[in-house]
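Please keep the sequence and the model in view while reading.

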Amino acid sequence: METLTVRRVVEAPVADVFDWCATTTHYTRSPYVLAARLARRGADAPYGVGAVRVHTWLIGRFRERITAYDPPYGFDYTVERSFPPARHRLGRMTFSETPGGTLVEWTTTFEVRAPFAAATLTRVFAEPVVAHVFGDILRAADAALTGGADHR
């Protein structure tokens, strides 16, 4: 399995950045995310523990369950199902105040399921694509929260 972390400072308060990133429907502001919806509400908050989010990207479909929820500092999730198939150990987004805004660290540990060369396929193909999409979603968050244009 490979662990990937994408970091970005978003020029907005930590609570605003957390709320934007926890709300999965915002992800469609990235052209790589075709659809995103909340399939099941969480126990104590719409996107809290137990919430189920479904994302359709240009490269696949992912059903995620929120496993930890600590606003405005972070949340964890696991991908329960995906197409193409992948093994997923952990997804985590953390948020911390920093000069100039909020540092977002988005980490995922995963591996593409394949009959052979799964580690190579993950590292060479899937990891760069996932990093690009994560980065684009965080660029969209920055643009939405600062009222600025998204300069890709």
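The sections below treat the nonpolar core, the paired strands and the aromatic contacts in turn.

The structure is a predicted model, in which local features need pLDDT of at least 70 and side-chain atom pairs count only at pLDDT 80 or more, while totals for chains, interfaces and linings use all residues. Residues are numbered from 1 along each chain as its sequence is written, and side-chain values use heavy atoms, with hydrogens and water left out.

**Nonpolar core**

A nonpolar core is a set of buried Ala, Val, Leu, Ile, Met, Phe, Trp, Tyr and Cys residues joined through side-chain atoms within 4.5 Å; buried means under 20% relative accessible area, computed with a 1.4 Å probe on protein chains only. The largest such core has 33 residues, and those with the most contacts inside it are C21, Y27, F75, M93, F95 and W106. At least two core residues come from each of β1 (2-10), α1 (14-22), β2 (33-40), β4 (60-70), β5 (74-83), β6 (86-98), β7 (101-112) and α2 (118-146). Helix α2 gives the largest share, seven residues. These elements are DSSP runs numbered from the N terminus: helices (H or I) of at least four residues and strands (E) of at least two. With contact meaning heavy atoms within 4.5 Å, and residues up to four places away in sequence not counted, F95 touches residues including V17, F18, C21, F75 and L103.

**Paired strands**

Two strands pair if DSSP finds at least two bridges between them. Two antiparallel pairings involve β4, as set out here.

| Strands | Bridges | Residues between them in the hairpin | A bridge pair |
|---|---|---|---|
| β3 (52-57) and β4 | six | two residues | H55 and F62 |
| β4 and β5 | nine | three residues | I66 and Y77 |

**Aromatic contacts**

Rings of Phe, Tyr and Trp (its six-membered ring) pair if their centres lie within 6.5 Å, and planes under 30 degrees apart count as stacked, over 60 as edge-to-face and the rest as tilted. The whole structure holds nine aromatic pairs. One of them, W106 and F134, is stacked, at 3.7 Å centre to centre and 5 degrees between the planes. This pair links strand β7 to helix α2, its residues lying 28 apart in the chain. W106 is buried at 2% relative accessible area, and F134 is buried at 3%.

Methods. Buried means under 20% relative accessible area, exposed over 50%, partly exposed in between (1.4 Å probe, protein chains only).
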